[in-house]
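Hi everyone, thanks for making time this morning. Let me put the model up, and then we can walk through it together.

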Amino acid sequence: MDSNALAYSIGSIFAWAGPVIFGVIGETITEKAGVINLSLNGSLILTAMVGFVVGTVTNSFVFGFLAAAAVGALVALLIAFMSISLNQSQVAVGYVLAIATKSLAYFLGAPYVGKPVMLLPQVAIPFLSSIPFIGPILFKQTILTYCSYVLIFACYFWIYKTHQGLILQGVGERPSAAYIRGVNVNLMRYIYTGIGGALVGIGGALYSLSVKTWNGQLSGFDGIGWIILAITIFGGWNPIRGALGSYMFVVLQYLGIVLQPLLPKVNSRIFQVAPFPLMILALLFVNIGNADWVDRTLAGLPENVRRTIAKVLRSMKTSPPAALGIPFEKE
Amino acid sequence: MEKDKTKNPNQNSFLTTLLTNRFSSLTLAVLFALVFTSLLIWIMKANPIRVFDVIITGAFSSVDVATQVLQAWVPLLLASLGLMFTFTAGLWNIGVEGQIEMGAIFAYGVIRIFDGTETSGVIVIILSILAGILGGAIWAVLVGLLKNFGGVNEIFGGLGFNFIADAVMLFLVYGPWKPEGVANGSTKMLATQYWLPQVHGTYLSLWALGIAIVGLIIVTVILQGTYFGLKLKAVGKNNKSSFLLGIPTNRYMLMSFLLCGVFAGLTGALQVTGFNHVLRNNISGGYGYLGLMVGMLANIQPLITAPIALVFIAISKGAASLGIDLKLDSNLAGVIQGALVIFVLIMDGVRRQVIKLTKGVQNG
């Protein structure tokens with residue numbers, strides 16, 4: 001493979017990473033506020049359908065993305081309403097919506113299968129895209145892929161460098177303390193859940209309007225929502241680490257496709273499954289540092305070995321926002 | 001309503017009763033779900049009444065379809081029953097789908113070993129069902145161990161193992177277990193001596209049906225009549241306090257995974273010997289995912305799973321003919337089922353909030 005073709009195929013990885021990045025950042029924001037949006041797998045498919053249908057019917061990308069963002073926000077707000085205002089389990093509501101929105105997408109989207117396709121054009125950034133090798137990879141993408149780069153850092157900046165971000169962290173970590181300081185905890189949770197859902201919606205539409213089109217059965221996309229939830233954990237609720245996790249995932253998936261011809265006897269669908277055992281392993285790595293038995297086992301090892309292992313475990317370990325999934329009640 | 005107003009100074013008393021009564025609140029929920037799905041059907045330019053008619057006819061109009069519904073009710077009921085254990089312990093065993101698949105793989109594997117030997121069919125069927133139970137249990141316990149010792153949330157552990165089970169299944173049916181010459185995602189048909197007996201001319205196996213009903217009784221007894229069930233409930237209600245009170249919570253959670261896996265494995269085994277008579281891709285048929293919704297509505301009362309599972313499976317089976325009759329996508333079944341669960345949860349939440357508010361009014 002010559003370097004141009006290689007750059008082109010790596011470029012396609014970054015394109016495919018766009019929807020994943022939007023999903024991970026959206027979910028990170030939502031969970032930072034203490035709400036789990038478990039519906040991701042369904043809402044991504046639903047918004048992919050909505051983005052495609054509205055986009056093709058109105059012949060406008062803008063309307064397609066806006067509609068998808070609105071639907072994504074709506075699904076997320078339903079979870080917020082049912083968990084925050086009606087005290088139902090976030091996991092229960094999220095699970096049902098993950099299943100139901102997928103059915104809804106296939107039901108409502110069925111007549112639009114096979115409609116003429118429009119794909120978001122790639123825009124080469126002048127000057128930057130002519131950098132050898134890296135240029136075509138990073139800077140010959142769709143506008144929304146560029147947005148995903150910006151989003152990662154904007155989100156990081158918002159959470160860790162602004163006053164509003166501090167409030168967001170407070171709402172997710174110690175809601176009662178935030179409340180005492182005059183923060184309307186539940187309102188903040190509604191807002192961030194809605195924003196997160198809208199970002200997820202843009203991710204869904206980005207998939208159907210730039211990566212693959214709506215063909216009634218998004219087999220390559222189905223399951224990604226669950227992976228995104230896992231990447232959010234793997235990323236330790238940090239946008240930059242989450243983005244790195246996303247790119248790692250996309251590269252691994254790409255390797256699966258590239259390596260497949262080497263094992264022609266194995267059914268191609270088995271390769272699609274490969275990310276999931278890796279997901280478990282990744283979660284195991286970031287969580288195992290929290291387990292008691294690990295500490296106990298480590299205590300029996302020689303000091304220098306123990307220290308090295310503990311250091312490695314600590315560097316990988318992540319902990320969720322302290323109030324994640326827990327309803328806030330002012331007493 | 002006018003009368004109510006004069007009787008009670010509280011203007012909304014009729015509405016309050018309507019919303020706080022369990023029965024009327026549930027009826028409203030079902031009504032809203034039907035209105036919501038009717039709206040969607042109307043958007044799709046179809047007549048909602050016609051659609052519901054097709055679904056009901058598709059599920060109950062003849063003995064033939066009704067027995068198919070009953071046959072499909074068995075796996076859904078068994079999967080939902082297994083989930084009663086994990087739900088009681090406060091766990092989300094999404095892995096149930098893969099556990100069913102593993103049960104089917106193990107059950108088929110045993111029959112494959114004995115195929116062509118002199119061993120009597122009855123013994124092979126019993127062994128294969130036991131193997132299926134083992135397969136489901138192993139797959140469930142793995143998720144439990146990952147949660148207990150690795151800190152991996154059971155939702156992700158379970159999902160991961162679902163996809164791994166998928167991969168194992170695909171590998172087997174397209175690889176070593178594929179019938180000679182073709183690779184169509186299915187093994188060759190079992191010899192008839194390894195089939196559970198079926199009612200003549202239908203797909204219904206009374207044996208499978210009987211096993212499901214015995215399962216229903218067993219789960220009800222374990223959860224509502226034993227000390228184990230009581231402790232499991234305590235673990236689910238308040239894990240920390242139960243631990244402090246001396247219940248080995250980790251062991252109880254693992255036990256609930258094991259029991260759920262037993263039922264899921266049984267489901268898979270019955271799918272092989274009782275209904276499909278082959279091992280094929282998608283043999284778990286989404287019964288696990290649907291079972292989670294049934295279990296959610298049943299609210300850890302095993303007996304209620306039976307009617308809910310029947311309604312859900314009737315919707316699924318009835319909707320299958322929508323494509324032929326009305327050119328609508330059969331995924332409408334999932335939409336109706338999802339809407340039912342969502343509206344039941346909403347009305348339940350509203351009911352509790354209203355009770356809380358009215359109590360507050362009385363106290364203040």
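In chain B, the lowest mean, 43, belongs to helix α1 (residues 2-7), and the highest, 94, to helix α6 (residues 96-114). Helices here are DSSP runs of H or I with at least four residues, strands are E runs of at least two, and both are numbered from the N terminus.

A word on conventions: this is a predicted model, where local features need pLDDT of at least 70, side-chain atom pairs count only at pLDDT 80 or more, and totals for chains, interfaces and linings use all residues. Residues are numbered from 1 along each chain as its sequence is written, and chains are lettered from A and ligands numbered from 1 in the order in which they are written.

Back to chain B: its mean pLDDT is 88, with 96% of residues at 70 or more. Residues 1-9 of chain B stay under 50, and the model gives them five contacts beyond four places in sequence; a contact means C-beta atoms, placed from the backbone, within 7 Å. For the complex, the predictor reports an ipTM of 0.88 and a pTM of 0.89.

What does chain B contain? It has 16 helices and zero strands. Its C-alpha trace spans about 80 × 60 × 30 Å along the principal axes.

Now, the two chains together. Chain B brings 37 residues to the contact and chain A brings 35. On the chain B side, α7 (121-150), α8 (154-174), α13 (287-298) and α16 (332-363) each supply at least two residues. The largest share, 13 residues, comes from α16(B).

Next, a helix pair inside chain A. Helix α6 (residues 143-161) and helix α11 (residues 239-259) of chain A pack at about 155°, with axes 8 Å apart. Axes are lines fitted to C-alpha atoms, for helices over the stretch in contact, and angles run from 0 to 180 degrees between N-to-C directions. So α6(A) and α11(A) are roughly antiparallel, a label for angles over 145 degrees, with under 35 roughly parallel, 65 to 115 roughly perpendicular and the rest oblique. Where do they touch? A:I152, A:C155, A:Y156 and A:I159 of α6(A) meet A:P239, A:I240 and A:A243 of α11(A).

That's my tour; happy to take questions.

Key:
Contact = placed C-beta atoms within 7 Å. pLDDT = per-residue confidence, 0-100.
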